[in-house]
Amino acid sequence: MSVATSRLLICSCEKTMPLDAEAIGRGCTSKVTQANQLCGLELDRFKEALIEGAPITVACTQEAPLFREVAENAPQAQLTFVNIRETGGWSKDAAAAGPKAAALIAAAGEDMPPLSLVTLESSGVALVYGRDEIAIEAAQRLSDRLDITVLLTKPGDVAPRRTNEFPVLKGTIRNARGHLGQFELSIDDYALPSPSSRAKLVFGSSRDGATSTCDLILDLSGGTPLFPAHELRPGYFRADPRDKAAVERAIADAGGLVGTFDKPRFVNFEPSLCAHSRSSITGCTRCLDLCPTGAITPNGNAVAIDANVCAGCGSCASVCPTGAASYALPSADALMRRLRTLLQTYRKAGGSDAVVLFHDGEHGEDIIDALARFGEGLPANLLPLRVNEVTQVGPEIIASVFAYGGSGAALLTREKPRHDIAALRRAAETSDRIVSALGFGAGIIQIIETDDPDQLRAMLDAAPRGVATQKPASFVPRGAKRGVLETTFRELHLAAPTPVDVVPLAPGAPFGTVNLNVEGCTLCHACVTACPTGALSDNPDRAMLRFTESLCVQCGLCQSTCPEKVISIEPRLDFQAWNTPQRVLKEEEPFNCIACGKPFGTKSSIDRVLAKLGGERHWMFQGANARRLDVIKMCADCRVEAVVNESFDPHAVPQRPPVMSTEDYLRAREAKKDDPLGS
């Protein structure tokens with residue numbers, strides 16, 4: 001927004017929190033209006049700001065609906081709302097929270113890109129999957145809203161209904177795939193009931209391999225879930241049939257799923273950047289190993305991400321070394337721009353020792369709110385930053401905290417996280433190793449798993465203090481994820497209190513080098529063909545293998561592809577190598593074509609072939625056929641020309657001597673006896 005003309009309205013919420021207008025003014029250059037009850041007695045101040053027509057930031061989120069209602073007659077109004085009360089004003093450290101308030105206000109004004117949506121459509125065709133009357137009763141309650149089919153797996157004695165408003169079938173789901181609007185099922189032991197069933201349902205002959213489709217599934221079977229991370233699968237509802245409350249919730253949730261529904265596209269994917277495999281040799285599997293929902297599957301040289309199934313944990317984007325998978329809610333560069341504004345404004349307003357707390361909107365905001373209302377509130381130097389899922393945070397985001405001048409980072413998750421946090425732990429461990437080596441401090445990146453507000457405050461207070469850089473970066477992150485990641489780590493190194501050139505990393509890190517056994521390398525360049533990022537390259541003018549370390553993502557394809565097995569990978573972060581030109585791993589003298597003089601291949605390779613084929617070593621190149629060796633000494637063009645002009649086939653087999661029969665041999669032996677001197 002335009003800082004020159006924008007308006008900022010701050011409120012003490014009936015004097016329940018102090019407002020450091022001076023600190024806020026240092027950090028925010030908007031015209032500041034201060035109030036004590038902006039949503040009530042002083043609402044006219046908001047109306048006056050509307051009349052001016054400038055963009056307005058209101059430091060209150062609780063009464064945002066009221067302010068939006070008042071602004072209905074000013075549709076052109078640009079409104080931004082930010083919470084400085086629960087995040088800082090209601091705290092035992094509120095008196096020192098002025099710089100934090102300024103930082104939160106400034107960061108809220110940072111534009112975020114619009115959401116991309118995925119549309120799911122449901123016609124209400126529902127399958128209720130169960131074992132007994134509980135499934136049939138649930139189906140009965142949903143039959144007026146949905147097109148119901150009941151499938152009973154291994155049913156016992158189930159009484160027939162008086163009227164068959166919906167089909168009741170027998171079968172066991174062997175395999176299920178899909179999502180809301182497009183489920184596909186494979187069913188074994190499939191059978192129809194006999195219409196003459198009397199005391200109990202009697203089913204006819206069964207068969208395996210039946211298939212079915214539906215829009216949604218209500219699973220009351222009590223068995224193993226049909227999908228991994230089933231609670232995140234759109235359109236699949238599962239409840240323990242013995243838990244009446246859970247069954248009621250599932251029925252209520254399923255009953256409304258008719259129509260068109262939009263869900264965010266959580267991840268953007270560029271297949272051309274994917275390092276999954278080349279030539280049927282598997283390389284990177286980081287995202288496949290971590291995806292909790294099965295939304296990611298191999299797809300040739302790349303993987304495929306089903307946006308309809310993806311639940312948005314962001315682990316794939318967090319670990320993707322090439323940037324093929326990048327989080328879109330928001331993108332890494334947009335999130336880092338907000339982080340940059342947050343830390344720069346905090347420092348400008350007079351704050352120090354900033355620690356950034358990454359949290360989500362559901363669990364994180366609830367626990368922060370509870371801590372503010374019933375506990376000690378957040379520390380004054382703790383800057384909360386909301387993300388969609390904490391598991392989306394990757395090494396580039398964490399590193400930027402320290403590059404921009406922060407002294408610590410904390411990531412808040414549930415005591416029992418909804419998403420697997422293995423990728424988050426890996427990102428935190430890798431980042432902690434790097435910032436520690438660069439002199440920012442050890443153990444200053446925390447993952448806090450708690451549902452207790454007081455425990456959150458205690459863990460934040462007990463966290464080790466890091467060293468904030470005296471030369472914070474100011475770069476504006478833009479572009480693709482891998483480029484942003486490289487820029488961030490270069491800037492981190494420049495900002496480091498005690499920089500080092502090389503930081504050893506654990507296996508799986510997205511940075512590193514390749515080690516080459518030079519003697520065993522034949523410069524076949526199979527590794528160059530396999531490398532998905534161009535880190536390994538040849539030279540069209542020289543027999544050479546080159547390496548660019550900043551591009552290496554440690555996918556291992558070069559190591560797996562090398563026919564001589566002379567390549568190994570080594571995870572590390574070598575800032576000096578990043579800032580030097582391409583490194584030549586091996587270079588050999590080329591062999592010059594004996595016909596045209598053009599270099600081709602390597603002299604050592606051609607000499608090795610000639611040594612194996614020349615002299616008496618191979619029958620194809622002996623005697624009159626020795627001239628065939630000249631073809632090996634020619635480039636591809638001259639080789640073809642020689643074969644055509646001289647009318648010989650370099651691969652033709654020379655005429656073999658006539659085969660001697662046993663009789664011929666005996667006759668020759670007798671002749672030798674009669675004439676031993678051969679006269």
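Mentor: We will go through a sheet, a helix pair, and then the pockets and cavities. This is a predicted model, in which local features need pLDDT of at least 70 and side-chain atom pairs count only at pLDDT 80 or more, while totals for chains, interfaces and linings use all residues. Residues are numbered from 1 along each chain as its sequence is written, and side-chain values use heavy atoms, with hydrogens and water left out.

Trainee: OK, in what order do the strands of the four-strand open sheet run?

Mentor: The order is β2-β1-β3-β4, with parallel pairing; strands here are DSSP runs of E with at least two residues, helices are runs of H or I with at least four, and both are numbered from the N terminus. Two strands pair if DSSP finds at least two bridges between them. Strands β2 (31-35) and β4 (79-81) stand at the edges with a single partner strand each, so one side of each is left without a neighbour in the sheet. From one strand to the next, the twist averages 20°.

Trainee: How many bridges join β1 to β3?

Mentor: Three bridges join β1 (residues 7-11) to β3 (residues 56-58), and L9 stands opposite V58 in β3. Helix α2 (residues 43-52) packs on this sheet, touching β1, β2, β3 and β4, and its direction makes about 175° with that of β1. Contact means heavy atoms within 4.5 Å, and angles run from 0 to 180 degrees between N-to-C directions, with axes fitted to C-alpha atoms, for helices over the stretch in contact.

Trainee: Which way does β28 run against β24, parallel or antiparallel?

Mentor: Strands β24 (residues 502-504) and β28 (residues 567-574) run antiparallel and are joined by three bridges, with V502 opposite D574. Strand β25 (residues 512-516) is also antiparallel to β28, through five bridges, and there T513 stands opposite E570.

Trainee: Switching topic, at what angle do α12 and α13 pack?

Mentor: Helix α12 (residues 395-403) and helix α13 (residues 422-437) pack at about 35°, with their axes 9 Å apart. On the α12 side P395, I398 and F402 take part, and they meet A427, A428, S431 and V435 in α13. This contact has six nonpolar residues, one polar and no charged; Ala, Val, Leu, Ile, Met, Phe, Trp, Tyr, Cys and Pro count as nonpolar, Asp, Glu, Lys and Arg as charged, and the others, Gly among them, as polar.

Trainee: And the largest pocket, which residues lie nearest its centre?

Mentor: Those are R338, H359, E365, L385 and R386, out of 24 lining residues, and the space in this pocket is about 800 Å³. On a 1 Å grid over the protein atoms alone, a pocket is an open set of points with protein on both sides within 12 Å along at least five of seven lines, a cavity is a set where a 1.4 Å probe fits but cannot get out, and lining residues have an atom within 4 Å of a point. Grid points are joined across faces, edges and corners, and a volume is the space filled by probe spheres set on the points. The lining has 14 nonpolar, five polar and five charged residues.

Trainee: How much space lies in the largest cavity?

Mentor: About 110 Å³, and the residues lining this cavity include D360, H363, E389 and R414. By class, its lining has four nonpolar, four polar and four charged residues.
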